[in-house]
Amino acid sequence: MKNIPEVKLGIIAVSRDCFIISLSERRRRAIAETYASKGGSIYECPIVVENEKDMQKAVADVKAAGCNALFVYLGNFGPETPETLIAKYFDGPVMYAAAAEETGNDLINGRGDAYCGMLNCSYNLGLRRLKAVIPEYPVGTAGELCGMIDDFLPVARALLGLASLKVITFGPRPQDFFACNAPIKALYDLGVEIQENSELDLLVAYKAHAGDARIDEIVRDMADELGAQGNQYPDLLPRMAQFELTLLDWAQSNKGARDYVVFADKCWPAFPKEFGFEPCYVNSRLAARGIPVACEVDIYGAVSEYIGACVTGAPVTLLDINNSVPADLYQADIDGKFPYTQRDTFMGFHCGNTPFCRLKAGAVKYQLIQNRLLENGGEPDFTRGTLEGDIASGEITFFRLHANADASLQAYIAQGEVLPVATRSFGGIGIFAIPEMGRFYRHVLISKHYPHHGAVAFGHVGKALYTIFDYLGVPDIAFNQPKGMLYPNENPFA
C-alpha cells in the first residue's frame with residue numbers, strides 16, 4: 001500500500017505585458033535546466049502568463065501534464081491578477097518566487113523588477129485569501145531558486161497527503177486517560193476525514209483473518225527483520241502477522257474516496273487480553289511503511305506523525321514526553337560530554353511503536369506495566385508484543401499539531417537530538433536533548449495545555465514543518481525559544 005504522495009512539480013513563468021516576455025522565458029528555462037542538472041525533475045510549462053486567458057491555458061497545461069504542485073515564477077514584475085489566480089484555479093500547493101537581477105551590465109532591457117513584483121503578488125494573494133508558499137527570501141538566481149524548490153517539495157508532499165487523508169480509529173479513549181481527546185472539528189476544517197470504529201469491529205475483522213494464506217509470508221518477514229536477537233517470542237509472530245493483515249486490509253477497504261490512511265487505535269487495557277498480544281510491534285511496522293498507527297486513539301498524534309512521514313519520506317514515531325533524566329545518570333553520562341544542562345534533557349518513551357530501524361538493538365518483549373496490571377506480574381503471555389530498545393542517536397524534531405478545547409489549532413516544533421547514552425530502562429526509549437527544554441516544557445507544553453504525546457521526525461525538519469503549519473493557518477506555532485528570548489507568560493524575574 002503506497003501511503004505517501006509523489007510530487008510532480010511544474011513551473012509557470014509570468015510576465016508583465018510592459019516587460020520583455022523573453023526575459024521570463026529565458027529565466028524559466030535556466031531554472032529547469034539547472035534543476036535537471038542537479039538530478040531534479042520539473043515540468044516546464046511552455047505558456048508564459050501575461051493575462052487571464054494565458055492563466056487558464058497554463059493551468060490546463062500543467063494539469064494535463066499531471067502536475068500536482070506548482071512553482072509560479074516571476075521572471076519579471078509579473079501581472080498581479082493573472083499570476084495570483086493561478087493559485088485559485090490550480091488544485092494543489094503553489095509556491096511563488098521571483099528572479100534576481102543577473103548582471104550590472106544589463107539593467108535596461110535585462111532588468112525585470114521582480115523584487116518589486118513580489119510585493120504586489122503577495123498583496124493580491126492576501127486580497128483573494130489565497131494560500132501559497134513564499135520562501136523566506138523569495139528572490140534569487142536559478143541556482144538559488146532550485147534550493148527553494150528543494151525546500152518546497154517536502155512541504156508540498158505533506159499538503160497533498162493531508163488533502164486526501166483519512167484517519168481510521170478503533171475504540172474510545174481509555175478511562176482516566178483523556179489527554180489526547182481533542183476536538184476533531186479542526187481536522188475536518190483542514191479537509192481530513194475521520195472514520196471512527198469500535199474495538200469490536202476490529203476484533204471481528206481480526207478473527208476473520210484466522211488462517212489467512214498470507215500469514216506465513218509476513219511471519220517470515222518479521223523474523224528476518226528482528227533477527228535472532230530480536231525474535232524473542234517466535235510463537236507470537238503468527239498472531240501479530242494476522243493483525244497486520246487485518247489493519248492493511250481494513251485500510252484498503254475503508255479509505256473510500258481518500259488516497260492515504262493513518263490509524264489511531266485503542267491498545268489497552270482490553271486489547272491484549274482479547275487479541276492475545278500487544279499491538280506495538282505491528283504498529284511499528286506500519287509506521288515504517290508510511291502508515292502511522294498512533295497509540296491510545298491519539299488522532300492528532302496520528303496526523304502529526306503522517307506530516308512528519310511526508311516531510312522526511314522516512315519512518316517516524318510517537319512518544320510520551322515521559323520522564324526526567326536522574327541527576328546521577330546526567331552527571332555520569334551527559335555532563336561535560338554534551339552541551340546540555342540537565343533541564344535540557346528528558347526521556348521519550350513508548351511501549352514499543354518505534355520502527356525497528358530507529359532502535360539500536362530492538363527486540364520483541366512484553367509490556368511491563370500491562371503485565372503488572374493484567375497478568376499480576378507473572379509469566380507474560382498476552383502482554384507480549386512490544387518492540388523495545390534504546391532509540392538510536394541522531395538529530396530529531398519533536399512536534400505536534402493539536403486542537404484546543406475550543407477547536408482552534410495550535411502546534412509546536414522543537415529541534416534537538418537523541419543522545420548516544422544508555423537509558424537503563426524499558427520500552428522504546430531514548431534520552432532526548434533539546435536546547436532550553438525546561439523553559440519550553442513549562443511555557444509551551446504546560447501553559448498551552450498540550451498532551452504528553454509528541455511526534456518525532458528523525459532529522460532537523462523544523463523549517464518545513466513551520467511552513468506547513470503556517471500554510472494551514474495554524475495561528476499559534478510555538479518553538480523552543482533560545483535563552484534571553486522570553487515567552488509571553490514567562491516570569492522575567494524567575
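The following paragraphs lead through the structure from the whole chain to single residues.

This is a predicted model, in which local features need pLDDT of at least 70 and side-chain atom pairs count only at pLDDT 80 or more, while totals for chains, interfaces and linings use all residues. Residues are numbered from 1 along each chain as its sequence is written, and side-chain values use heavy atoms, with hydrogens and water left out.

The chain contains 16 helices and 18 strands; these are DSSP runs, helices being H or I with at least four residues and strands being E with at least two, numbered from the N terminus. The radius of gyration is 25 Å, close to the 23 Å that the globule rule gives for 494 residues, so the chain is as compact as a globular protein of that length. That radius is taken over C-alpha atoms, and the globule rule is 2.2 Å times the number of residues to the power 0.38. Along its principal axes, the C-alpha trace spans about 85 × 60 × 45 Å.

Of the 494 residues, 57% count as buried. Here buried means under 20% relative accessible area, exposed means over 50%, and partly exposed lies in between, with a 1.4 Å probe and protein chains only. The accessible surface of the chain is about 20700 Å², and 51% of this belongs to carbon and sulfur atoms; such areas come from the Shrake-Rupley method with a 1.4 Å probe, and for residues only the protein chains shown count as cover. Among contacts with a separation of 6 or more, 79% are between residues 24 or more positions apart, where contact means heavy atoms within 4.5 Å.

With a relative accessible area of 8%, L159 is buried. Leaving aside residues up to four places away in sequence, L159 touches P93, I468, Y471 and L472.

Charged residues come next. The mean positions of the 44 positive and 59 negative charges are 2 Å apart. Lys and Arg count as positive and Asp and Glu as negative, whereas His and the chain ends are not counted; the place of a charge is NZ of Lys, CZ of Arg, CG of Asp or CD of Glu.

The structure holds 25 salt bridges, each being a side-chain nitrogen of Lys or Arg within 4 Å of a carboxyl oxygen of Asp or Glu. One of them joins E44 and R28, with 2.8 Å from N to O. This pair links distant parts of the chain, since E44 is in strand 2 (residues 43-44) and R28 in helix 1 (residues 21-37), 16 residues apart. E44 is partly exposed at 26% relative accessibility, and R28 is buried at 5%.

Another salt bridge joins R289 and E244, at 3.5 Å from N to O. R289 lies in the loop between helix 11 (280-288) and strand 9 (293-294) and E244 in helix 9, so the pair ties together parts that are 45 residues apart in sequence. R289 is partly exposed at 39%, whereas E244 is buried at 1%.

In a further pair, the closest N and O atoms of R400 and D298 are 2.7 Å apart.

Residues up to four places away in sequence aside, K255 touches K166 and V261.

Finally, some details of the backbone deserve attention. Most residues other than glycine have a negative phi, and most peptide bonds are trans. R129, although not a glycine, has a positive phi of about 55 degrees. R129 is in the loop between helix 4 (114-127) and strand 5 (139-140) and is exposed at 79% relative accessibility. N376 likewise has a positive phi of about 55 degrees without being a glycine; it is found in the loop between helix 14 (368-374) and strand 13 (384-390), and is exposed at 73%. The peptide bond from W268 to P269 is cis, with omega near -5 degrees, and P269 is in the loop between strand 8 and helix 10 (270-275).
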